[in-house]
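Colleague: I have a model open and would like to go through it with you. Can we take it piece by piece?

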Amino acid sequence: MAFVQFSKVSLAFGDRDILKDVSVNLQAGSKAALTGANGAGKSTLIKVMAGLTMPDSGTRTVQRDARIAYLPQSGLTHRGRSLREEADTAFAFGYDMQAEIDRIGDALKDNPPDMADLLERHTELLAALEESGWYRRQVQAESVLLGLGFSREDLDRRTEEFSGGWQMRIALAKALMQNPDILLLDEPTNYLDLEARTWLEQFLQNYKGGFLLVSHDRYFLDVTINEVYELFGGELKRYPGNFTHYEQVRAVELETLIARYEQQQEEIHKLEDFISRFGAKASKAAQAQERQKMLDKMVRIEIPESLKKIHFTFPPAPHAGHLVIRATGLTKSYDGQRNVIDNLDLILENGERLVVAGRNGAGKSTLLRMLAGVDADYTGTVELGAGVSAGYFSQDSAETITGSMSILELMEQEAPLELIPKLRDMLGAFLFRGDDVFKSINVLSGGEKSRIALLRLLLRPVNLLVLDEPTNHLDMHSKDVLLDALKDFGGTVIFVSHDRGFIEGLATRVLELAPGRSRNFPGGYVYYQERLAAEAAAAAGTDTAGNTAPAAAAALENAPKAAAKTAGQLSWEEEKRLNAERRKKEREVERLEKEIAAAEQEKAGLETKLADPAVYSDGAACAAVQKSLEAAVAKIDELTAQWEQAAMALE
């Protein structure tokens, strides 16, 4: 079985330990996520695993002939070939293996003395080549490229014609086409729309090799992985289960640490307050100096950013009438021949959260610009209701962020007075932490400016937010903070996003755009997906005359009824019973999570004990601890299996 194994790997940059005695084993069947705060060293660890960065100490072992494919976050470009020709370069390993097979075949004609070894190698290579899918490479290449959103017409386009985001899709496609033993993917969903993400989810679910990936998309992780490695303070720890399970177990595990952190933060605040108030007074100078020494000697407690609870609210939304937007006959064309938006009608009411869905190129961003009043070059009408004031965000908003003042100065200049005390927390939620807030605006990257543009918009008192991809450049914790704030927002939201978890958490209505048409789905995103699934089932069940088969027709007809029932049209008695059952299941999940956390602590204690020279030098004591450790591991596996069943029952 192919594998990549680390043993006590360490790496430091200057005086900062990035990796400290890290041990991990990836093999065929591994479905793992790597998590940690921004700057924790996740990308560095993946590069070490890929063999691109050498550690300071420790060993990296790779099984002979194991093939590893690595995808970085960004920076890859392709040129000089058609997309079809570029895709074929992903199969270079197969051409090399075929060349070796041919060389061995030629050598065998001369009856060499090492014939047995050559025959064994020849057989190994033939089996590996067949297993890799190399003989089916053209079909595999087309399948992957189409799944990631390329069209058949794209296959003969020159690669240099594709934009940066599509360049990274090409790189991702090449990594997947190789069908390697181990896949190392650093933010593979960054440039994918929802359809391509769904395809990638299914690909990874069925993938027979092993993979380790970094992603800020919780839903994507939950449906693809079954173990999580957390990199924190240079140390790596494994958590079995999906990402949501990891977060729940980690939160229980760190309750004590978080309490100590909050207590220390309060103590630090008191010390800093005393020093700032009395440091300049002669009568208190000695006490102030003593407190400064206490502050300097204090060992700061750190917790992962994802577990720091940050919450903020928007300025109160100005009052608006019941009708927010009425759009009639909207039509938009860029070339005068094909309509991107075609005769669209829309009525939006106060308090709605409308997500605009559709494939890339369907006109989602175009429609948002029209509704926000940024683009007036169309036919039809857009009328805002009484008292409606709109705020618009897109990735282009970053271009308006200029100047030499610091981030904090800019925010203090624009924030309402009541939000100024919360600015540091809000900036932290948008990934500007510590001294980052003193960065000058003119040195910020495009992603950093985009986050600033979004935060500036959220500080303004508006009652209609039009947001085009607001979660780009945000990590998982930042998305959670933004989602909570938008849920509490007193106005109306129209948005586009490729983050399914974010959409499911926010949308109360879906507007689907497709070439030449639009459709409205009153209900959340889950209901929308159910309707699409029912329609697909109906399409698959049509007879030769084009009539829908009875079972498929019933599925399509019952989809809105089932969704309506889940939307609150249950009888009081049935709703009461279902709520009681759900509370019981939630208590069972909570109980198992606490038991798993306790078992993990017991396991950690036994591992520490096993490392004690007094124990491992005593054969009998070592055997007893090892037996207890095996029992603890078995208990964790059993509890995890029970948790997975209980968690599935909650869905």
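Colleague: How many bridges join strand 1 to strand 4?

Modeller: Five, and strand 1 (residues 3–13) and strand 4 run antiparallel. Strands here are DSSP runs of E with at least two residues, helices are runs of H or I with at least four, and both are numbered from the N terminus. Two strands pair if DSSP finds at least two bridges between them. Before we go on: this is a predicted model, where local features need pLDDT of at least 70 and side-chain atom pairs count only at pLDDT 80 or more, while totals for chains, interfaces and linings use all residues. Residues are numbered from 1 along each chain as its sequence is written, and side-chain values use heavy atoms, with hydrogens and water left out.

Colleague: Fine. Which residue is the bridge partner of Ser10 in strand 4?

Modeller: Ser57.

Colleague: And what is the strand order in that sheet?

Modeller: The order is 2-1-4, an open sheet of three strands with antiparallel pairing. Strand 2 (16–27) and strand 4 (57–62) are the edge strands, each pairing on one side only. From one strand to the next the twist averages 15 degrees.

Colleague: Which helix lies across those strands?

Modeller: Helix 1 (residues 42–50) lies across strand 1, strand 2 and strand 4, and runs at about 130 degrees to strand 1. Contact means heavy atoms within 4.5 Å. Axes are lines fitted to C-alpha atoms, for helices over the stretch in contact, and angles run from 0 to 180 degrees between N-to-C directions.

Colleague: Now strand 16. Why is it described as largely enclosed?

Modeller: Because five of the five residues of strand 16 (residues 492–496) are buried. Buried means under 20% relative accessible area, exposed over 50%, and partly exposed in between, with a 1.4 Å probe and protein chains only.

Colleague: Which way do the side chains point?

Modeller: Thr492, Ile494 and Val496 point one way from strand 16, Val493 and Phe495 the other way, and all are buried. In a regular strand the side chains alternate between the two faces of the sheet.

Colleague: In what sense does strand 15 pair with strand 16, parallel or antiparallel?

Modeller: Parallel: strand 15 (residues 464–468) pairs with strand 16 over five bridges. Val466 stands opposite Ile494 there. Strand 12 (residues 353–357) also pairs with strand 16 in the parallel sense, over three bridges, and Val355 has Phe495 as its bridge partner.

Colleague: What about strand 17 and strand 18, what do they form?

Modeller: A hairpin with two residues between the strands; Gly516 in the turn has a positive phi of about 80 degrees. Strand 17 (residues 509–514) and strand 18 (residues 517–522) pair in the antiparallel sense over six bridges. Val510 has Phe521 in strand 18 as its bridge partner.

Colleague: Change of topic. Where does Glu201 sit?

Modeller: In helix 7 (residues 194–205). Glu201 is buried yet has no salt bridge, and the nearest side chain of opposite charge, Arg500, is 5.2 Å away. A salt bridge needs a side-chain nitrogen of Lys or Arg within 4 Å of a carboxyl oxygen of Asp or Glu. For charge, Lys and Arg count as positive and Asp and Glu as negative; His and the chain ends are not counted.

Colleague: What does Glu201 touch?

Modeller: Tyr219, Phe220, Val223 and Thr224, not counting residues up to four places away in sequence.

Colleague: And Leu419, buried or exposed?

Modeller: Leu419 counts as buried, at 5% relative accessibility. Leu419 lies in the loop between helix 13 (407–414) and helix 14 (423–429). Leaving out residues up to four places away in sequence, Leu419 touches Thr313, Pro315 and Leu459.
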